[in-house]
Structures are given as C-alpha cells and as structure tokens.
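Try each task yourself before you read its solution.

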Amino acid sequence: MVFLSKIVTKGGDKGKTSLGDGKRIFKSDVRIAAIGTVDEANSFIGLARQSVSGPVDELLASIQNDLFDVGADLCMPDLKEKALRVGDKHIKALETHIEHFNASLLPIRSFVLPGGSAASASMHVARTVVRRAERDVVALQIKTPINPLVTQYLNRLSDLLFILGRYLNDKGKNDNLWVPAGEIKE
C-alpha cells in the first residue's frame, strides 16, 4: 500500500516528476502524457459511476483499480524490473464482461451516437478519453518498448465502455442512431 504523509513536496516545481524507478523526467514527456491520460480516464469513469449502481458500478470500481495498475506499469520503464504489470488476466476479465453485456444488446444497425441516458452519455465520454489514452500509449510505444498488454487493455476497455453505454440505454433500445443528412426529417 501507498503511504503519503505529505502531499506538497515541491519536487515538481521545475517541471520534472519522478517515475516509479526514481528517474526524473520532464512532465511534458510522452510517458507522463500517457500516464496522465490514463488518470484522466479513471476520473471520468469515477464520474460515470455517479450515474449507475449495482453490478455496473461494481465493475467500474474494479476497472478504476485496474487503471491504477496501468499507470503503475507505465511508470516503470525497465520492463525487466519486477513491477506491477498489466497481464493477461486483466484483458481476459474485460473480454468476459464484454461478452456478458453484449449478449443482451440488440444488434447495431447504424452508427451509435453518444447520448440517450445520462449514464450512457457518461460511458461514451469515458470511452473517448480511454481512446485518447490508448493513442498516447501507442505514441509512447513507438518511442520506447512498453508492456504491449497495456495497449490491449485500453483497447478492450474502450470496447466495454461502448457496450456499457448501449446497455445503459435500455440494452440498445434507446440508442441515439446516426441518420444520414439527407434522411433527417424536420
């Protein structure tokens, strides 16, 4: 467990921060951008939890903990060093949830627009932030080796959030569907 007795350290006042191995890098580094966007995604999932309850809330709470594991993995640059890493179990768990929630949905017959219920809209916002985190992680991956399961995890998570957005719209019955411009009736 983490124990922090002091929050203000002034260690970042000159634009640098520490990684998990103690190395200091600029806060503008692509690695810190990726970690920060994962943290932002976690915050939006926390906000989405305010609109749900029961099993979906429990699932999102678990995902929030997993996203801390993603951040911990990204903050340890040396892949040979023993550290908390995203593993196959993280991805398999998401795939199990994807199958479970998707099984109750109506098939998609058009592009789904974000919205519908407040809960669904919040899932779509969280999904788009997870997609941005995925892009930031890929940018880091191009620059330096990282655990490839991090990218897979974020990809599956965005899929799950899309499915949950539909699930929270009465299992897809209340999805907002894209209508080509020429077919919009006023």
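An axis here is a line fitted to C-alpha atoms, for helices over the stretch in contact, and angles run from 0 to 180 degrees between N-to-C directions. Keep in mind that this is a predicted model.

**Exercise 1.** Work out how α2 and helix α3 are oriented to each other, and which residues meet.

*Solution.* Start with the geometry: α2 and helix α3 (residues 88-102) pack at about 155°, and their axes lie 12 Å apart. Next, apply the cut-off: angles over 145 degrees count as roughly antiparallel. So α2 and α3 are roughly antiparallel to each other. As for handedness, α2 passes α3 in a left-handed crossing. Now look at the residues: from α2 come Val 56, Leu 59, Ile 63, Asp 66 and Asp 69, and they meet His 90, Leu 94, His 97 and Phe 101 of α3. Sorted by class, that contact has five nonpolar, two polar and two charged residues.

**Exercise 2.** Now find out how α3 runs relative to α5.

*Solution.* First, the numbers: α3 and helix α5 (residues 148-167) pack at an angle of about 20°, with 9 Å between their axes. That makes α3 roughly parallel to α5. Their crossing is left-handed. Among the residues making the contact are Ile 91, Leu 94 and Ile 98 of α3, along with Tyr 153, Leu 157 and Leu 160 of α5. The class count comes to 11 nonpolar, four polar and four charged.

**Exercise 3.** How many cavities of 30 Å³ or more does the structure hold, and which residues line the largest cavity?

*Solution.* Step one is the count: there is one cavity of 30 Å³ or more. Step two is the volume, about 40 Å³ for the largest cavity. Step three is the lining: Arg 31, Asp 73, Leu 74, Met 76, Pro 77, Leu 79, Pro 145, Ile 146, Asn 147 and Val 150. Finally, sort the lining by class, and you get seven nonpolar, one polar and two charged residues.

Notes: Residues are numbered from 1 along each chain as its sequence is written. This is a predicted model: local features need pLDDT of at least 70, side-chain atom pairs count only at pLDDT 80 or more; totals for chains, interfaces and linings use all residues. Side-chain values use heavy atoms; hydrogens and water are left out. On a 1 Å grid over the protein atoms alone, a cavity is a set of points where a 1.4 Å probe fits but cannot get out, and a pocket is an open set with protein on both sides within 12 Å along at least five of seven lines; lining residues have an atom within 4 Å of a point. Grid points are joined across faces, edges and corners, and a volume is the space filled by probe spheres set on the points. Ala, Val, Leu, Ile, Met, Phe, Trp, Tyr, Cys and Pro count as nonpolar, Asp, Glu, Lys and Arg as charged, and the others, Gly among them, as polar. Helices (H or I, at least four residues) and strands (E, at least two) are DSSP runs, numbered from the N terminus. Angles under 35 degrees count as roughly parallel, over 145 as roughly antiparallel, 65 to 115 as roughly perpendicular and the rest as oblique. A crossing is left-handed if the near helix is turned anticlockwise from the far one by less than a right angle, and right-handed if clockwise. Contact means heavy atoms within 4.5 Å.
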